[in-house]
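Thanks for sending this one over. Here are my notes, arranged as numbered points so that you can follow them with the structure open beside you.

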Amino acid sequence: MVQEHENIVGLDAAILMSPKVWEASGHLEAFSDPLVECKKCHHRFRADHVEGTVCPDCGGELTEAKQFNLMVETYLGVVEGEKLKTYLRGEITQGVHVNFKQVVDSTRVKIPFGIAQVGKAFRNEITPSGFTFRSREFEQMELQFYITPSEEEGNKWIEYWKAKRKRWYMDLGMHEDHLRFREHAPDERAHYARAAYDVEFRVPGEGDGWKEMEGIHNRGDWDVGRHAKFSGKDLTYFDEEKKERFIPWVIETSGGVDRATLFFLMDAYVEEEIPSKSKIEGEENNEKETRIVLKLHPKLAPYKAAVFPLLANKPDLVEKAQIIRGELAKQWMIAFDARGNIGKRYRAQDEIGTPFCITVDFDSLKDDMVTVRDRDTMEQERIKISELKNYLAERLK
Ligand code: ATP
């Protein structure tokens, strides 16, 4: 999003800011979820996550919904009684908008341009759940894209970023039929949002289990306009060509890193039936075994390759394997494993999605070649050690 776009800059804004920022953005007033409590077992739920008026845990009666603010409070300062109450950021977005003027004045960006950021956000979620789907401390990845204020520009850029973001997930291996856009109903939208879509992922095994992964919104001039008002500063942008001054509109793409990671893992998880290798070689057998393999895109795989010495108790093999690992590790994350037999090591790497396994055997000591095994096809090739870097570079693209 930053490196490949000339008109987008990166930013690392503060987590702790003046509480006025959150007043301006509307978070103190309206960043809340509807909370209901069971009158019998006192469990608490988000009203929009329970169907009906009875407790999903014990069947007891639920209270009326009341709004519960999600901002996490903290206190700054050294003198008791004079400490300033502020908040851990509930979204990374506002740190970008309060730096909008700074970026315009200190870099050479011209509208349309974007500021992208990755960082932690904190929310006092009523029901953290679903592994990393919903937690109280999580990572967001966002783009705030500033445009000339007009419906036409707004519509053009929201379609542009919808298409780009879908491509981004697909280029990292997500299946197209597991992705969709859902347009927000008018009563779901924030009052300032001129258009709002969720990028949703279809969670397997959950029936119609479409879940939000990212939001793409046209926020109009709400954010910059409000920060200008609350800070008393002129945050307008001057368009040199048109000789016009205005508060820009913002198209935002706001994704969850933890949530997307969970969905990438689900999307890549495969159980395959393969012929059993456990029988004595040469013997006819129709037995099958299940191979668990994480078909992660190489860019997302935590290890790009693993290096094994054929046998752990042969120092020559171990040493050569370590040298190869050390050389490749200058460029990529490379695992090393000498435990158990080769078959078990392959299975272990398959389960964490390592695209290639490299084995050093007795022939390697003579011919300086190794066996490279491909995670997905399970095919093996003999490759010259001196060619390994090129071989991997080509295939990890
Ligand atoms: P939800 O309706 O699921 O609570 P939201 O609409 O409030 O989410 P946004 O404020 O639009 O979420 O945040 C943008 C993205 O940040 C979401 O699409 C999601 O991927 C991620 N996100 C939001 N809240 C959490 C959380 N508690 N834990 C993990 N990721 C989250």
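**Notes on the ligand site and the fold around it**

1. Let me begin at the ligand. Arg46 places a polar side-chain atom 3.3 Å from an oxygen atom of the ligand. Please keep in mind throughout that this is a predicted model. Two further side chains deserve a look here: an N or O atom of Glu212 is 2.7 Å from a ligand oxygen, and a polar atom of the Arg259 side chain lies 3.1 Å from an oxygen atom of the ligand. The ligand taken alone would expose 600 Å², and the protein buries 85% of that.

2. Who makes up the rest of the shell? In total, 16 residues surround the ligand, and Glu125, Arg134, Ser135, Glu212 and Met213 are the closest. By type, the shell divides into 7 charged, 6 polar and 3 nonpolar residues. Three strands each supply at least two residues of this shell: β8 (137-147), β11 (210-220) and β14 (249-256).

3. Arg46 comes up again among the salt bridges. Its side chain meets that of Asp33, with a distance of 3.3 Å from N to O. Arg46 belongs to strand β3 (residues 44-46) and Asp33 to strand β2 (residues 32-37), so this pair ties together parts that are 13 residues apart in sequence. Both Arg46 and Asp33 are buried.

4. His42 is not a glycine, but its phi is positive, near 65 degrees. I would point this out to anyone checking the backbone.

5. The next pair involves one of the strands that line the ligand. Arg165 and Glu214 form a salt bridge through their side chains at 2.8 Å, N to O. Here helix α5 (residues 151-171) provides Arg165 and strand β11 provides Glu214, so the pair ties together parts that are 49 residues apart in sequence. Is this pair of Arg165 and Glu214 buried or exposed? Arg165 is buried, and Glu214 is as well.

6. For a contrast in setting, turn to Glu73 and Lys85. Their closest N and O atoms are 3.5 Å apart, and the two form a salt bridge. Because Glu73 sits in strand β5 and Lys85 in strand β6 (residues 84-88), the pair ties together parts that are 12 residues apart in sequence. Glu73 is partly exposed, at 43% relative accessible area, and Lys85 is also partly exposed, at 35%.

7. Strand β5 (residues 72-76) also contains Leu76. Together with Ile15, Leu16 and Leu84, Leu76 makes a nonpolar surface patch of about 300 Å². Leu76 has a relative accessible area of 35%, so it counts as partly exposed, and it passes the 30% cut-off that patch residues must exceed.

8. One group forms a network, in which Glu272, Glu289, Arg291, Lys295, Arg347, Asp350 and Arg373 are linked by salt bridges. As background, side chains of opposite charge can pair when their charged atoms come close.

9. Strand β20 (residues 369-374) holds Thr371. With a relative accessibility of 13%, Thr371 counts as buried. Its side chain is joined to that of Arg382 by a polar contact of 3.0 Å.

10. Ile111 and Pro112 are joined by a cis peptide bond, with omega about 5 degrees, and Pro112 lies in the loop between α4 (100-106) and β7 (113-122). Phe131, in the loop between β7 and β8, has a positive phi of about 55 degrees without being a glycine. Phe131 is exposed, at a relative accessible area of 75%.

11. Finally, the overall picture. The chain has 11 helices and 21 strands, and its C-alpha trace spans about 75 × 65 × 50 Å along the principal axes. Of its 397 residues, 44% are buried.

Methods:
Residues numbered from 1 in each chain as written. Predicted model: local features only at pLDDT ≥ 70, side-chain atom pairs only at ≥ 80, totals over all residues. Heavy atoms only, no water. Near = heavy atom within 4 Å. Polar contact = N/O pair within 3.5 Å; in protein donor to acceptor, adjacent residues only side chain to side chain. Areas by Shrake-Rupley, 256 points an atom, 1.4 Å probe, with all protein chains shown as cover. Helix = DSSP H or I, 4+ residues; strand = E, 2+ residues; numbered from the N terminus. Nonpolar A, V, L, I, M, F, W, Y, C, P; charged D, E, K, R; others polar. Patch = residues over 30% accessible without salt bridge, like charges linked within 9 Å, V, L, I, M, F, W, Y side chains within 5 Å. Salt bridge = Lys/Arg side-chain N within 4 Å of Asp/Glu carboxyl O. Buried < 20%, exposed > 50% of the residue type's maximum accessible area, 1.4 Å probe, protein only.
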